[in-house]
Amino acid sequence: MTTTEAERSRWPMLLALTCAFALSQAYRTVAAIMAPPLSVDFALSAQQLGLFAATFHFAFGALQLFMGIGIDMHGVRRTVLAAFPLTIAGSAISWFASGFGMLIVGQVLIGIGCAPAFLVCTVFIARQFPAARFAAVSGAVLGLGGFGLLFTGTPLAWLIEASSWRAGFAVLGALSALAWLLI
């Protein structure tokens with residue numbers, strides 16, 4: 001198999017990993033879209049909304065080191081397959097949340113589940129593509145991952161406005177399950 005053929009055979013896995021990264025980008029920004037309906041449904045204060053939004057980022061950041069260790073010890077695929085179901089569980093908990101505490105638990109699980117999303121992409125690229133292609137392939141992954149931001153910017157915002165914030169978590173959870181199956 002030539003280098004070009006070998007590289008082509010690696011793209012489907014990288015694209016599957018990129019789906020998880022795009023979803024992590026969507027989860028990163030969804031709190032801003034959900035804030036108004038959440039504050040109405042649960043009578044949340046500005047501080048509570050801030051905590052809701054920040055919880056994802058704290059959980060995500062706190063687990064980066066451990067996800068890196070997991071990738072080194074167990075590999076890219078096993079690490080993301082073990083962690084990403086927490087994103088699905090967090091979405092489900094958030095979808096059915098009956099109070100602020102459940103929303104926070106959901107955000108923690110989503111943050112932990114999304115923690116390896118970009119790490120696995122960069123490690124996969126470093127291990128499976130020629131070093132000279134690292135910047136170009138990483139740039140492509142970052143660009144494709146940006147679709148997660150675009151998804152929360154309009155289609156998901158429209159869905160939440162037309163239906164509810166719960167529908168937003170339902171759709172993100174379903175897409176997360178699909179990404180996990182692809183991986």
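User: Which residues make the nonpolar surface patch of about 380 Å²?

Analyst: A patch joins residues with over 30% relative accessible area and no salt bridge, nonpolar side chains (Val, Leu, Ile, Met, Phe, Trp, Tyr) being joined within 5 Å. Areas come from the Shrake-Rupley method with a 1.4 Å probe, and for residues only the protein chains shown count as cover. In this predicted model, where local features need pLDDT of at least 70, side-chain atom pairs count only at pLDDT 80 or more, and totals for chains, interfaces and linings use all residues, the patch is made by Leu 15, Leu 144, Phe 147 and Leu 150. Residues are numbered from 1 along each chain as its sequence is written, and side-chain values use heavy atoms, without hydrogens and water.

User: Is Leu 15 buried or exposed, or in between?

Analyst: Buried means under 20% relative accessible area, exposed over 50%, and partly exposed in between. Leu 15 is partly exposed, at 39%.

User: Which residues form the salt bridge?

Analyst: Side chains of opposite charge can pair when their charged atoms come close. The criterion is a side-chain nitrogen of Lys or Arg within 4 Å of a carboxyl oxygen of Asp or Glu. The structure holds one such bridge: Arg 127 pairs with Asp 72, their closest N and O atoms being 3.6 Å apart. Arg 127 is partly exposed, with a relative accessible area of 46%, whereas Asp 72 is exposed, at 60%.

User: With which residues is Leu 14 in contact, leaving aside its neighbours within four places in sequence?

Analyst: Contact means heavy atoms within 4.5 Å. On that basis, Leu 14 touches Cys 121, Phe 124, Ile 125, Phe 129, Val 137 and Val 141, with those neighbours left aside.

Conventions. Patches are made of residues with over 30% relative accessible area and no salt bridge: like charges are joined within 9 Å, nonpolar side chains (Val, Leu, Ile, Met, Phe, Trp, Tyr) within 5 Å. Buried means under 20% relative accessible area, exposed over 50%, partly exposed in between (1.4 Å probe, protein chains only).
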